[in-house]
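Please have a look at the sequence and the structure first.

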Amino acid sequence: MSGLRGQFSSRLGFILAAAGSAVGIGNLVGFPVMAAKNGGAAFLIIYIAFVALVCFPVMLAEIAMGRASQKNPVGAFYALSDKSRVWGRVGGLAIVTPFMIAVFYSVITVWITLYMLQSAFGNLDRLAEPAAFGEIVASPTLFIYLFFTLGLVYIILSGGVRDGIEKAAKILMPLLFLMLLALVVFVMTLENSGAGISYYLIPDFSKINSTVVRSALNQAFFSLSLGMGILITYGSYFSRDEKIVNSTRLVAVTDTAVAFFAGLLILPAIFAINPDVDVQGLSDSSVSLIFSYLPQLFLEMQTFLGYTGASIVATVFFVLVFFAAITSLVSITEIPISWMVDEKHYSRRKALGVMGVVAGAFIILATMSLGMVGWLSSLVTYGGNSKSFFDVIYDLFYDTVLPLMGFLVCIFCSYRWKRSEFMNEVGEGDEKYLSSILCAYVSFSLATFIPLILLLVFANNVAQIYFGFNLLGF
Ligand code: PHE
């Protein structure tokens, strides 16, 4: 059976594909905006602490589950728990979650595609108009971009693990790094960018409260592609001769570095354009504001560069985000596909077809819920806010299920799957690991405070989003 499963051709293939999944819109757009709003370096420090102390052990746990079971999330939970139906259901949640996250992520990727092409066609000024975003998301022409974007994801996925996912990541990831570095260097040369650099690097802890802390953890989870079965599935394609710890560390460092550099690009750009900027005012994290803000930011660069220059910078930025989004979208779509191939014994082609139809339907509904169709746009009201179909998916899966899945993975690896087997799996191919301090830390933290933190964040998110009150009270 395992002979039929795809496998990454090398350690580098795994690292690039996992980093391709991790590096996405969250790093390039979400992170800089959150950092701007929440005290610059103070947010960065909390974020890095979460990545190193909380997320890294969970990453190891997910990858080890995949490699030990050689299966998709449902098969992995089921096999490693000696066929417990309850844990099999938890695995089921790790199939539904990536599916739903793929839906809202596709909608955002389609906007990115539109912004990229429209900037390239010289329409940056129109994108920068305040009303533009609302009109764009409510316009049926969006479907043209949708077919283009999903078609590309389909082509990559139909190539399979090696010729599709790995090859795409090997080409797109290095290009992405180069473009990001070039943009950072360029922004650094602008007058006044220094103010943004100091804002970003000198911490202001007065901005930290429980909302900032929980959004840092959610952001880190999302950014590392945790809690949605991706690393379990990619772990199942990971060779047994390679060291899990080293590769995982590289993925975490790459992902965090990209987020860091994206901050180093966006914040100095903001300050270069307007040294007296009120960062609090501009940086509301709502998705629509980010999308109207970014083109305005690029358009203002025309004072330095002229309209064509500003359009080129905007296009390069959106191409960068587009690459990052496509590799992420590919990784997340692979999870339900691997489940259909393993558990339902579908051919890869059939699984892709089913995914295309079912996900396509959800994506179209979510796209139409942002102004095109009334009842989808104000589907329900909770926590004092009216929510669209798109918002419901976002709240339910990004803010609610991700920390819950993280919690369940910790409990599973520590208390259900034998802890010694879990540790041996992480250490397979890595003689020194089992006697290292890291191993002791991972084993202890995953059984104690990490699940506790994740449970707390889950409970607080539920209280805040659905009932409008803050459990933690600071
Ligand atoms: N990690 C990606 C990002 O930061 C997003 C992503 C989400 C990727 C879900 C895969 C799955 O944008």
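## Charged pairs and their surroundings

R240 is partly exposed, at a relative accessible area of 34%; here buried means under 20% relative accessible area, exposed over 50%, and partly exposed in between (1.4 Å probe, protein chains only). Before going on, please keep in mind that this is a predicted model, in which local features need pLDDT of at least 70 and side-chain atom pairs count only at pLDDT 80 or more, while totals for chains, interfaces and linings use all residues. Residues are numbered from 1 along each chain as its sequence is written, and side-chain values use heavy atoms, with hydrogens and water left out.

Side chains of opposite charge can pair when their charged atoms come close. How many salt bridges does a search of the whole structure find? The search gives seven, where a salt bridge is a side-chain nitrogen of Lys or Arg within 4 Å of a carboxyl oxygen of Asp or Glu. Among them are these pairs:

| Salt bridge | N to O distance |
|---|---|
| E425 and R67 | 2.8 Å |
| E425 and R240 | 2.9 Å |
| K387 and D395 | 3.0 Å |

Helices are DSSP runs (H or I, at least four residues), as are strands (E, at least two), numbered from the N terminus. E425 itself is buried, with a relative accessible area of 7%.

The side chain of E425 also meets that of R67 in a salt bridge at 2.8 Å. Because E425 belongs to helix α20 (residues 419-427) and R67 to helix α3 (residues 41-69), the pair links parts that are 358 residues apart in sequence. Both E425 and R67 are buried. For K387 and D395, both partners are buried too. Salt bridges that share partners join R67, R240, E425 and E428 into one network.

Helix α16 spans residues 302-343 and contains A314. A314 counts as buried, at 0% relative accessibility. Leaving aside residues up to four places away in sequence, A314 touches S119, L124 and F298, a contact meaning heavy atoms within 4.5 Å. Its C-alpha atom is 18 Å from that of F31, a residue 283 positions away along the chain.

T333 is found in helix α16 as well. At 11% relative accessibility, T333 counts as buried. Which residues does T333 touch, not counting those up to four places away in sequence? They are V153, L157 and M355.

## The whole protein

The secondary structure comes to 22 helices and two strands. For 474 residues, a compact globule would have a radius of gyration near 23 Å, and the protein's 22 Å agrees with that; the radius is taken over C-alpha atoms, and the globule rule is 2.2 Å times the number of residues to the power 0.38. Along the principal axes, the C-alpha atoms fill a box of roughly 65 × 45 × 45 Å. Of the 474 residues, 58% count as buried. Among contacts between residues at least 6 apart in sequence, 81% join residues at least 24 apart.
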